[in-house]
Amino acid sequence: MIRIKDLVKTFDDSTVLDGVTLDVNAGEIVTVLGASGSGKSTLIRCINGLERPSGGTITVDGNDVTTKAGLAASRRISATVFQLFNLYPHMTALGNITLAPVEVLGKSKAEAEEQARALLAKVGLAGHADKYPQQLSGGQRQRVGICRALAMQPRYILLDEVTSALDPETTGEVLDILQKLATEATTMVFVTHEVAFARSISTRIVFMEAGKLLVDMPTEEFFAENGGLAVPRIRQFLSQIRKD
Ligand SMILES: Nc1ncnc2c1ncn2[C@@H]1O[C@H](COP(=O)(O)OP(=O)(O)OP(=O)(O)O)[C@@H](O)[C@H]1O
Ligand SMILES: [Mg+2]
């Protein structure tokens, strides 16, 4: 579904993505791990067209996302959830979730609202449809953000550190929702520092180091002594996390 080949991204003089090649097939849940600054968010931003690659190719379902038409086609089947809740503050939870289905997909307001209420119920927010973002907790807002993404019925979802602004308890709330999603065969590319969660949810793990993909392995292999753990950098990364 997502094919990335020899992707390069430079900002001024610095090379942030240095020849990344990655394929994500339908139904896969690929977690991107790596130290801060290794290029994870830039990779996500190139896939969803927020950054323009300096070299290489990205196609989503055959659409070249560096072209206007290709990006538009890709955006119709995808959704991104970011670290910071970028809900519209002047709209209720329901308003935030129904906006794009009405404006972009051309759904009727009634149909979009019915779907939004079902999604809110699914994430445990049935009674919160008419609240504004500032009336919701961080975890609740992020769950509304996930509903907003799902309302577009995306075939794949990009998630960039969706829990890193949350406390441990609300992180748990959001991870539970993502776990549910994962079992529904949505294709996901997931950037996270939650290694234990990544291990439980992902079909594959890629590890980025200074703009390159250091390893790309099935999850089980990544955590195996003779797999990812045999790579000194991976072992070091995981041991640091375990100390936290
Ligand atoms: N718009 C930009 N202009 C210049 N440099 C940038 C820009 N965006 C990112 N960078 C640089 O690219 C590198 C990779 O950033 P990126 O945000 O992709 O890292 P990351 O792996 O997501 O890190 P983190 O785990 O901290 O979120 C960093 O050195 C960053 O400073
Ligand atoms: Mg990032």
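**Close-up views of a predicted model**

**View 1. A look into the largest pocket.** The largest pocket has 21 lining residues, and Ala79, Thr80, Ala100, Arg148 and Met152 are the ones nearest its centre. This is a predicted model, in which local features need pLDDT of at least 70 and side-chain atom pairs count only at pLDDT 80 or more, while totals for chains, interfaces and linings use all residues; side-chain values use heavy atoms, with hydrogens and water left out. Residues are numbered from 1 along each chain as its sequence is written, and chains are lettered from A and ligands numbered from 1 in the order in which they are written. Strand 6, helix 3 (93-103) and helix 5 are the elements that give two or more residues to the lining of the largest pocket. The volume of the largest pocket comes to about 600 Å³. For the record, a pocket here is an open set of points on a 1 Å grid over the protein atoms alone where a 1.4 Å probe fits, with protein on both sides within 12 Å along at least five of seven lines, and a lining residue has an atom within 4 Å of a point. Grid points are joined across faces, edges and corners, and the volume is the space filled by probe spheres set on the points. Helices (H or I, at least four residues) and strands (E, at least two) are DSSP runs, numbered from the N terminus.

View 2. Six strands line up as 6-7-8-3-9-10 in an open sheet with mixed pairing. Strand 6 (78-81) and strand 10 sit at the edges, each pairing on one side only. On average, neighbouring strands of this sheet are turned by 15° against each other, direction ignored. Two strands count as paired if DSSP finds at least two bridges between them; strand 6 and strand 7 (residues 156-160) have four, in the parallel sense. One residue pair to pick out is Val81 with its bridge partner Leu159 in strand 7. Helix 5 (residues 138-150) lies across strand 6 and strand 7, at about 170° to strand 6. Helix 1 (residues 40-47) lies across strand 3, strand 6, strand 7, strand 8 (187-191) and strand 9, running at about 150° to strand 7. Axes are lines fitted to C-alpha atoms, for helices over the stretch in contact, and angles run from 0 to 180 degrees between N-to-C directions.

View 3. Cys46 belongs to helix 1. With a relative accessible area of 1%, Cys46 is buried (buried means under 20%, exposed over 50%, partly exposed in between, with a 1.4 Å probe and protein chains only). Beyond its neighbours within four places in sequence, Cys46 is in contact (heavy atoms within 4.5 Å) with Leu7, Lys9, Leu17, Glu51, Ile58 and Val65.

**View 4. The hairpin of strand 1 and strand 2.** Strand 1 (residues 2-11) and strand 2 run antiparallel, joined by eight bridges. Leu7 stands opposite Val20 of strand 2. The hairpin has two residues between the strands, and Asp12 takes a positive phi near 50° there.

View 5. The structure holds twelve salt bridges, each a side-chain nitrogen of Lys or Arg within 4 Å of a carboxyl oxygen of Asp or Glu. In one of them, Lys212 meets Asp18 at 2.5 Å, N to O. Lys212 lies in strand 10 (residues 212-218) and Asp18 in strand 2 (residues 14-24), so this pair ties together parts that are 194 residues apart in sequence. Both are partly exposed, Lys212 at 41% and Asp18 at 31%. Glu28 also forms a salt bridge, its partner being Arg204, with the closest N and O atoms 2.8 Å apart. Here Glu28 comes from the loop between strand 2 and strand 3 (29-34) and Arg204 from strand 9 (residues 204-209), 176 residues apart. Glu28 is buried at 15%, and Arg204 is buried at 12%. Salt bridges that share partners also join Lys9, Arg45 and Glu51 into one network. Asp6 pairs with Lys5, the closest N and O atoms being 3.4 Å apart, and Asp6 is partly exposed at 41%.

**View 6. Ala230 in its loop.** Ala230 is found between helix 8 (219-222) and helix 9 (232-243). Its relative accessibility of 48% makes Ala230 partly exposed. Neighbours within four places aside, Ala230 is in contact with Ala224 and Glu225.
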